[in-house]
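Me: I am new to this structure. Please walk me through it, one feature at a time.

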Amino acid sequence: LRRIRPTSITLLAFGVGSAAAAAIWRQQYMLGLILWLLNRLLDGLDGTLARITTQQTDFGGYLDILLDTVMYATIPTALAFSVDTPHAFQVLILLLISFYVNGASWMYVAALLEKRRAGAAASGELTTVTMPSGLMEGTETIVFIMLFIVFPSAIIPLFILMALLTFATVGQRLIWGARALAGK
């Protein structure tokens with residue numbers, strides 16, 4: 001196991017995820033779903049491998065979250081291109097805005113907490129930086145994206161629902177950030 005670099009798995013996951021997006025764009029939804037699930041499996045393995053082989057690095061954690069963010073934007077975008085649904089792109093923009101604001105809602109606070117030595121290591125988290133919980137997290141995102149792929153004709157209501165839940169998570173994380181940084 002020590003010979004396998006976690007970053008290699010991260011890059012492989014990204015390649016598989018990119019292939020999933022390409023398949024979805026071509027309306028090969030079953031192939032896209034299989035590749036998406038393989039992407040998520042590999043994404044979970046890189047960090048696990050890093051921890052059990054003591055190969056965790058700050059760059060590895062950074063690359064992992066960066067490529068995850070690309071995948072979370074690429075798959076819905078591929079879906080919007082694959083369907084002939086009015087307003088798919090307008091609703092896609094709403095969804096992507098919710099993702100963008102959600103990322104900002106926790107990443108900067110996480111960086112400040114790490115700077116103050118009050119982040120992941122201080123709280124015993126296994127991640128590179130602290131990640132506050134919220135309504136929409138990794139599992140929920142995976143489930144929604146699976147629903148997008150399985151029911152492409154329903155992406156408008158699904159995109160809207162996910163965007164609303166993601167904005168609710170932003171609210172939760174704003175409260176978390178206010179509490180975590182209060183008086184400091």
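Me: How many residues does the largest nonpolar core have, and which have the most contacts inside it?

Reply: A nonpolar core is a set of buried Ala, Val, Leu, Ile, Met, Phe, Trp, Tyr and Cys residues joined through side-chain atoms within 4.5 Å. Buried means under 20% relative accessible area, exposed means over 50%, and partly exposed lies in between, with a 1.4 Å probe and protein chains only. In soluble globular proteins, nonpolar side chains tend to be buried together. Here the largest core has 35 residues. Trp-36, Ile-75, Leu-79, Phe-148, Ile-149 and Phe-159 have the most contacts inside it. Helix 1 (6-25), helix 2 (29-52), helix 3, helix 4 (88-115), helix 6 (138-150) and helix 7 (155-181) each give two or more residues to this core.

Me: What should I know about the model and its numbering?

Reply: The model is predicted: local features need pLDDT of at least 70, side-chain atom pairs count only at pLDDT 80 or more, and totals for chains, interfaces and linings use all residues. Residues are numbered from 1 along each chain as its sequence is written, and side-chain values use heavy atoms, with hydrogens and water left out.

Me: How many helices and strands does the protein chain have?

Reply: Helices (H or I, at least four residues) and strands (E, at least two) are DSSP runs, numbered from the N terminus. This protein chain has seven helices and zero strands. The order from the N terminus is α-α-α-α-α-α-α.

Me: What does the radius of gyration say about the protein chain?

Reply: It is taken over C-alpha atoms, and the globule rule is 2.2 Å times the number of residues to the power 0.38. For 184 residues, a compact globule would come near 16 Å. The protein chain has 17 Å, which agrees. Its C-alpha atoms fill a box of roughly 50 × 45 × 20 Å along the principal axes.

Me: How do I read contacts, and which residues does Phe-148 touch?

Reply: Contact means heavy atoms within 4.5 Å. Set aside residues up to four places away in sequence. Phe-148 then touches Pro-76, Leu-79, Leu-95, Ile-155, Leu-158, Phe-159 and Met-162. Now take the whole protein chain. Among contacts between residues at least 6 apart in sequence, 76% join residues at least 24 apart.

Me: Is Leu-63 buried or exposed, and which residues does it touch?

Reply: Leu-63 lies in helix 3. At 12% relative accessibility, Leu-63 is buried. Leaving out residues up to four places away in sequence, Leu-63 touches Thr-7, Thr-10 and Leu-11. Leu-63 and Thr-7 are 56 residues apart in sequence, yet 7.9 Å apart C-alpha to C-alpha.

Me: Is Phe-59 buried or exposed?

Reply: Phe-59 is also found in helix 3. Phe-59 counts as exposed because its relative accessible area is 51%. The C-alpha atoms of Phe-59 and Thr-7 are separated by 8.9 Å.

Me: Where is Asp-68, and is it buried or exposed?

Reply: Asp-68 sits in helix 3 (residues 58-82). Its relative accessible area is 10%, so Asp-68 is buried. Beyond its neighbours within four places in sequence, Asp-68 is in contact with Arg-40 and Asp-43.

Me: What is phi of Gln-27 and of His-87?

Reply: Most residues other than glycine have a negative phi, and most peptide bonds are trans. Phi of Gln-27 is near 65 degrees, a positive value. Gln-27 lies in the loop between helix 1 and helix 2. His-87 has a positive phi of about 70 degrees. The place of His-87 is in the loop between helix 3 and helix 4. His-87 is exposed, with a relative accessible area of 52%.
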